[in-house]
Amino acid sequence: MELVQVPIPDPKVDQILIRVQACGVCHGEAKIIEGWANSYPRIPGHEVVGVVEKLGDGATKWKVGQRVGIGWDGGHTCGHHQTTALTMDGGYAEYMVANEDALILIPEELSSEEAAPILCAGETVFSALRNSVARAGDVVAISGIGGLGHLAIQYAKKIGLYVVAISGNKDKEELARNLGAHQFIDSSTENVAEKLRELGGAKVIVATAPHGKTISSLIDGLGKDSELIIAAVADDDLGLTAMDFLKGPNTIRGTFTGKTKELESALRFSVLADVRPMIEVFPLEKAAEAYEKMMAAKTKFRAVIGVGY
């Protein structure tokens, strides 16, 4: 990434110009930097919160001054679906153009910096839990206490689940319990699957740590007719066999960030249940540093670029 100056973009038909206030720094940015975008140069950033600055022709859904957000789903332009930061420029900038049908209203109770990570990380784990087979009172395990995991623990507790936090870092136990975990398993010294089976097996395990072997080792901790939900971007082989699926029987599936309705639900629940991300804010000039710290897992726990008001 390079910090450059470019002209303020002009919104086209059915588009909105946003004055960016905050943009989350997500692991998904790695895919853009690795070359997944449809063209370059490209501005990253898909957890964007800002204020409506200008309306393009035909744009009628929003008013100047409203605070809005956008995630991966970039809406439609001339019949073509857009993906924020992949097929259109994202929010690592002072201004961003967005299609009006992809925007959502940001609740007043959330600051822009708090709301930004919910537009991808938060919604991903919130929807994973809400759409899972778990019901109030069930045992749910959260593997990994980082950017995704620290939010997943909070959501699971507020939904009414018995939350087991799993981490290879014993120092995170106190934090996990403060966030709402009922139990903590230290994967560096304890057999995770065995500990979960002592509880009758987890109804759902949400895997947020991006390590294939860590993810595959969790399946033996599931109960009957349960789910292992992969919310982590892991490129290495999971190393699973057919028997891993049959002995439950269990389901292994992935989850990914949703569209505007799912983002709205995650924001609404975050307000109602008082769930907030733990963030470290960087100025736009330090976007590259924020990205590097995020990739090295040295932020606590979501890096956010604060562009200014």
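Guide: Let's begin with a term: helices (H or I, at least four residues) and strands (E, at least two) are DSSP runs, numbered from the N terminus. Methionine 243 is found in one such run, helix 7, residues 242-246. By the way, this is a predicted model, where local features need pLDDT of at least 70 and side-chain atom pairs count only at pLDDT 80 or more, while totals for chains, interfaces and linings use all residues. Residues are numbered from 1 along each chain as its sequence is written, and side-chain values use heavy atoms, with hydrogens and water left out.

Visitor: Why is methionine 243 called exposed?
Guide: Buried means under 20% relative accessible area, exposed over 50%, and partly exposed in between (1.4 Å probe, protein chains only). Methionine 243 has 51% relative accessibility, so it counts as exposed.

Visitor: And what makes threonine 124 buried or exposed?
Guide: Its relative accessibility is 6%, so threonine 124 counts as buried. You'll find threonine 124 in helix 2, residues 112-130.

Visitor: Which residues is threonine 124 in contact with, leaving aside its neighbours within four places in sequence?
Guide: Contact means heavy atoms within 4.5 Å. With those neighbours set aside, threonine 124 is in contact with Ala231, Thr255, Phe256 and Thr257.

Visitor: Now lysine 12: why does it count as buried or exposed?
Guide: Lysine 12 comes out at 63% relative accessibility, so it counts as exposed. Lysine 12 lies in the segment before strand 1 (15-25). Leaving aside neighbours within four places in sequence, lysine 12 is in contact with Gly56 and Asp57. The C-alpha atoms of lysine 12 and aspartate 57 are separated by 6.4 Å, although the two are 45 residues apart along the chain.

Visitor: How do you know that strand 8 and strand 11 pair?
Guide: Two strands pair if DSSP finds at least two bridges between them. Strand 8 (residues 139-143) and strand 11 (residues 202-207) have four bridges and run parallel, so they meet that definition. One example is serine 143, whose bridge partner in strand 11 is alanine 207. Strand 8 also pairs with strand 9 in the parallel sense, over five bridges, and there valine 139 stands opposite tyrosine 162.

Visitor: What is the order of the six strands in the open sheet?
Guide: The order is 10-9-8-11-12-13, with parallel pairing.

Visitor: Why do strand 10 and strand 13 stand at the edges?
Guide: Strand 10 (183-186) and strand 13 (251-254) each have a single partner strand, so one side of each is left without a neighbour in the sheet. From one strand to the next, the twist averages 20°.

Visitor: How many residues of strand 9 are buried?
Guide: Five of its six residues are buried, and strand 9 is mostly covered.

Visitor: What makes the pairings of strand 3 parallel or antiparallel?
Guide: In general, strands of a sheet pair through backbone hydrogen bonds, either parallel or antiparallel. Strand 2 (residues 48-55) is joined to strand 3 by four bridges, and they run antiparallel. Valine 48 has isoleucine 70 as its bridge partner in strand 3. Strand 3 and strand 7 (residues 104-105) pair over two bridges, also in the antiparallel sense, with valine 68 opposite leucine 105.

Visitor: Which way do the residues of strand 3 point?
Guide: Arg67 and Gly69 point one way from strand 3, Val68 and Ile70 the other way, and all are buried.

Definitions and conventions:
Axes fitted to C-alpha atoms, helices over the stretch in contact; angles between N-to-C directions.
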